[in-house]
Amino acid sequence: MNMKYALSIAGLVLASIPFHQTNAQARTKEGFATTWERPITVVPDSLTNGDHKLPAYTIAVFETDANGVMDLWKADMKALSQEVTGSRPAKASGVILTSVSETPTNLLVTTTTEKKADMTRMTVAFILTDSTAAPADPRQEAYMRSLGVKYNKAVVQTQIDTYQKMLDKAGNKLTSAQGDQAKTQQNLTKANSNLEKLKAKRAKVMAANAEISGQIAGLEKKFALTNDPKDLQKLTKAREKLAKGETSVAKLMQSEAKAQGTVNKYQEQLPDRAADQQEITATKEELTTTLNALKRKHDSIQ
């Protein structure tokens, strides 16, 4: 089926919207407007189905394209109509719209994207047959306005869902970052404890070495006087013990240096962990602000 529009409403709709609202409106990085400053307008129009020009109504659905609006309409028609056929225009047969008619009706629908206006025009004709319009009824216009509200809300809901997912992801990142900081702090506490134990052990060994050094000095004096092999044996054992003690001190000092390095590593990580949390927290707050704005925007569509 070929379709032509007899009347374009882009100018009519956009003429009622101040320039600053359509072009300088606050938007997210994804391009979502953060406020609702557009009218829900139903404009009498016409739709050409083959050789037949039929009266119709047109509404604007913002921040989406023709395919997106058509998908919304087809999803509605799955539950309300017997079948949907065609594409330009699409036709829904046997549609049950209790707010419009006491008997099933048929609809012809086209959608056209207006990129510069960031909107899609949706034109609907109420028909009895492919060539005959259904009798005019004020309820038809009311129904079209309800579609304008419903579909614009649906578009904004997808924006809300997008930001909710982003916020949930940021929340998970923050939880992970908090866990990383807690783990780093735990590791730092453990490393400090290990370092203090090594220092205490080294101090104990050094005190023992000092005591042995004093014993050696006494044994050296005694041996110089007695020249007794037994005294020499005691002196030799004491010197061997001191040598072992000094070796232990050297090893403990190496362990301390390594432990100090571990402490330093975790101490250096803490500011980075805190910075990560601050960054994610700031992102989370920004996302929350935007999400709340989108929810208010959704509620403003009436």
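Where is P89 found? In this predicted model, P89 belongs to the loop between β3 and β4. The points below begin with the overall fold and then return to that loop.

1. Overall composition. The secondary structure of the protein amounts to five helices and seven strands. Along the sequence these elements follow the pattern α-α-β-β-α-β-β-β-β-β-α-α. The radius of gyration is 41 Å, well over the 19 Å that the globule rule gives for 302 residues, so the protein is more spread out than a compact globule. The C-alpha trace spans about 135 × 40 × 30 Å along its principal axes.

2. Burial, surface and contacts. Of the 302 residues in the protein, 39% are buried. The exposed surface comes to about 17200 Å², and carbon and sulfur atoms supply 53% of that area. Among contacts between residues at least 6 apart in sequence, 66% join residues at least 24 apart.

3. The β3–β4 hairpin. Strand β3 (residues 83-86) pairs with strand β4 (residues 90-95) in the antiparallel sense, over four bridges. The two strands are joined by a hairpin through three residues, and G86 stands opposite A90 in β4. The peptide bond that joins R88 and P89 is cis, with omega at about 5 degrees.

4. Geometry of helix α3. Helix α3 covers residues 66-80. At 1.5 Å a residue, its 15 residues should span 21 Å, and the end C-alpha atoms are 21 Å apart, which agrees with that expectation.

5. Which residues of α3 are buried? They are A66, V69, M70, W73, D76 and M77. These residues cover an arc of only 125 degrees around the axis, which puts them on the same side of α3. The face turned away from this buried side carries the exposed residues N67, D71, K78 and A79.

6. Packing partners of α3. What do the buried residues of α3 pack against? Their partners are the strands β2 (52-62), β3, β4, β5 (105-114) and β6 (119-129), together with helix α4 (138-226).

7. Positive phi at E63. E63 has a positive phi of about 60 degrees although it is not a glycine. This residue is placed in the loop between β2 and α3. Is E63 buried or exposed? With a relative accessible area of 13%, E63 is buried, because the cut-off for burial is under 20%.

8. Positive phi at D118. D118 likewise is not a glycine, yet has a positive phi, of about 55 degrees. Its place is in the loop between β5 and β6. D118 has a relative accessible area of 26% and is therefore partly exposed.

9. K295 and its surroundings. K295 lies in helix α5 (residues 229-300). Its relative accessible area is 36%, so K295 is partly exposed. Leaving aside neighbours within four places in sequence, K295 is in contact with I160 and Q164. K153 is 142 residues away from K295 along the chain, and the C-alpha atoms of the two are separated by 9.9 Å.

Key: Residues are numbered from 1 along each chain as its sequence is written. This is a predicted model: local features need pLDDT of at least 70, side-chain atom pairs count only at pLDDT 80 or more; totals for chains, interfaces and linings use all residues. Side-chain values use heavy atoms; hydrogens and water are left out. Buried means under 20% relative accessible area, exposed over 50%, partly exposed in between (1.4 Å probe, protein chains only). Contact means heavy atoms within 4.5 Å. Two strands pair if DSSP finds at least two bridges between them. The expected span of a helix is 1.5 Å times one less than its number of residues. The arc is that of the directions from the helix axis to the C-beta atoms. The radius of gyration is taken over C-alpha atoms; the globule rule is 2.2 Å times the number of residues to the power 0.38. Accessible areas come from the Shrake-Rupley method with a 1.4 Å probe; for residues, only the protein chains shown count as cover.
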